[in-house]
Amino acid sequence: MLFIKLALRNLARHRNRTFVTSTIIALAIFLFILMDSLIGGMTDMSYATLIDYEFGHLQIVNRSYWHEKEKLPLKNLLPWETVNHPAVRNISGLKGVSPELEFLGRLNNGINELPVVGKGIIPNDFYKVYPLADQFVEGAEFALGEHKAVLGKRLAELLKLDIGDYITILVKDKNETFNTIDAEVAGLVHTINPNVNSNYVYLPLDVVQQALAVDESISRLIIRLDEKDLAHKASRDLQGEFSQNNDQIGVYPWHEIEAVSVADAKNAGIRVMLGVILLIAAIAIINNVILAALERMPEIGMMKAMGLEEKEIVYVFVTEATGIGVLGGFSGVILGALGVGVFRRVGVDFTTMMDLDMAQWGIPVLGKIYGSWSPITLVQGFIFAASASFLASILPAYWAARKDPIQAIYRR
Amino acid sequence: MRQISNVCAALLCLIFIFAPVFTTTNAMDAEAIIRKRDQNEYVNTAAADVEMVITSGRRQMTKTMTSYAEGDNALAVFTNPRDRGTKFLKRGDDLWMFFPDAEDLIKISGHMLSQGMMGSDFSYQDIMESDKLLELYEFELVGEEKIDGRLCYILEGIAIPEQEVSYYRRRSWVDQERFVGLKEELYARSGRLLKVLKVNELEQFGERWYPTASVMEDKLRKDTRTEFYVKSIEFNPDISEDTFTLENLR
């Protein structure tokens with residue numbers, strides 16, 4: 001207890017050093033927490049934007065189609081009966097089921113053309129799965145059978161299209177024969193998903209099926225559940241049901257899609273970088289403790305001369321350093337929590353701030369990015385600061401404590 | 001390939017699909033016309049210097065290339081300064097492209113085949129079509145019409161159901177004296193006119209009449225056209241065996 005008091009008194013006596021060192025530690029922890037929040041926020045938003053606008057919680061597709069899904073082939077499609085399969089309708093937590101027929105085409109405004117991904121949808125079903133109905137900036141949705149299209153505002157701007165304009169989409173049907181889909185632009189949407197804004201054109205499913213000569217087939221069935229956490233179990237149950245009759249049908253939860261894997265891999269990479277930042281912070285802490293030991297060499301000599309044993313001096317030093325770490329860690333956690341609070345409320349718009357297109361970095365999010373709240377990170381930050389200070393101080397403390405008292409007093 | 005063969009013999013030179021097998025299945029008159037046209041336009045082996053003038057709005061680009069073709073294989077090497085060294089190699093059903101700047105081979109497949117080749121009105125698909133038109137279309141003689149003062153037969157071909165063909169319907173105007181296609185219209189299944197090819201100049205090479213200047217227009221886009229000129233052409237030259245290899249493409 002005596003040595004703890006001594007250590008604490010030393011912290012108070014050397015308040016400038018204590019302040020500077022703990023501030024550095026606090027800053028490191030603050031940045032760590034903020035970075036973690038940013039990465040977490042980006043990850044959450046990436047998942048949300050993929051689930052909300054592209055993949056839903058579950059996808060039911062033909063297994064052969066799944067292997068070639070990037071090419072959006074018109075082979076190995078699902079029969080229409082899949083849509084009304086009892087197993088699909090009886091999924092626990094089911095919120096919506098949307099059949100989709102996807103295809104590649106070239107959107108033409110009569111002057112220029114751009115490659116697009118076309119999606120044949122049933123509007124009523126589609127809007128139960130994807131929150132696109134709330135994202136219209138102009139116009140409105142279409143009904144089945146109408147030769148109308150909904151596309152992203154950005155895509156419309158690129159081709160100088162307005163509501164009421166007519167577009168032609170050049171497609172290749174099931175027989176690889178060119179066909180055209182003529183449609184009136186019925187609505188424009190703008191979402192946080194860059195693909196929806198720039199690459200997708202939504203059309204009535206029956207119009208697309210006819211144009212692609214695929215009868216009533218669909219590319220995939222998208223399922224929305226009450227919670228994304230239900231996806232894993234639902235996919236297993238559903239797969240079990242389908243496997244009894246048709247082993248060609250595959251059920252894929254959202255976390256198995258490639259985009260999520262890529263996002264996870266990128267996050268893992270970013271977290272490794274974060275680890276490097278923490279390592280640098282640890283080196284800074286070690287440096288500070290060593291400098292403190294050197295600075296207080298005469299004091300150590302005096303303590304030894306007064307009869308303190310080596311382990312007692314080490315104890316005092318380590319306690320002091322840990323105290324600085326605790327102070328810095330605590331301050332960092334408080335600052336970090338405040339920062340994350342602001343970050344969650346206000347968000348950061350990298351696109352505006354730094355003219356950065358996050359989509360180019362593989363993050364399918366537009367507009368502001370909001371931080372995520374992770375209490376575990378706060379605890380981790382605090383523990384890291386305290387333990388790094390503790391561990392970093394042991395060796396310098398031993399080194400100082402082993403010095404001859406006279407040499408230490410005279411800084412020899 | 002079949003596209004090209006039907007569409008334009010000049011394009012055949014360019015991309016070296018020198019096999020316009022214009023044949024019909026049941027209309028004897030149409031079949032005879034196409035057979036005669038084939039005698040002019042069908043080319044198995046050739047080497048040619050060609051020029052392509054691509055116009056899109058006010059922008060105009062000129063591309064020149066040297067091309068070699070033999071059977072199902074073809075090689076086009078661009079020679080204009082901007083694209084010098086760019087090569088296209090067609091081997092059977094595969095199309096490869098080599099960019100000298102990237103020093104890399106790119107296989108053109110999937111939906112990329114629908115894009116205009118080097119920004120032209122000819123799509124990559126146009127140069128990839130097979131030459132088995134006989135199995136793909138049913139032709140019919142539907143009338144006569146004058147094109148640039150020359151009387152032509154009008155032939156209409158409809159894709160045979162379940163066959164993989166790019167254009168569902170095609171309409172050809174064949175010169176009644178010289179048996180060369182002077183105009184070709186290509187339609188989507190929806191009935192929409194997609195492309196029109198018009199032959200403006202012909203030259204006689206021995207017994208053969210061959211198109212040396214033609215224009216392709218993409219009818220889905222305004223103010224766009226690709227003029228195609230055969231500057232020189234040699235029929236049945238000796239072409240070395242390794243001309244059509246991927247190694248030679250690099």
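1. Which residues of helix α11 (residues 297-305) of chain A are buried? They are I300(A), G301(A), M303(A) and K304(A). A residue counts as buried if 20 or more other C-beta atoms lie within 10 Å of its own, as exposed if 12 or fewer do, and as partly exposed in between, with C-beta atoms placed from the backbone. Helices (H or I, at least four residues) and strands (E, at least two) are DSSP runs, numbered from the N terminus. Just after α11(A), G307(A) has a positive phi of about 105°.

2. This is a predicted model, in which local features need pLDDT of at least 70 and side-chain atom pairs count only at pLDDT 80 or more, while totals for chains, interfaces and linings use all residues. Residues are numbered from 1 along each chain as its sequence is written, and chains are lettered from A and ligands numbered from 1 in the order in which they are written.

3. Confidence is given as pLDDT, the predictor's confidence in each residue, from 0 to 100. Chain A has a mean of 85, and 91% of its residues reach 70 or more. Among the elements of chain A, helix α13 (residues 350-354) has the lowest mean pLDDT (62) and strand β8 (residues 200-204) the highest (96).

4. The largest nonpolar core has 87 residues. Such a core is a set of buried Ala, Val, Leu, Ile, Met, Phe, Trp, Tyr and Cys residues joined through C-beta atoms within 7 Å. Strand β7 (residues 178-189) of chain A gives the largest share of this core, seven residues. Apart from it lies another core, of 38 residues, including F30(A) and V314(A).

5. Strand β10 (residues 249-253) of chain A has four of its five residues buried, so it is largely enclosed by the rest of the structure. Five bridges join β10(A) to strand β1 (residues 58-62) of chain A, and the two run antiparallel; strands pair if DSSP finds at least two bridges between them. Within this pair, Q59(A) stands opposite Y252(A).

6. Chain B has six helices and 13 strands. Of its 250 residues, 46% count as buried.
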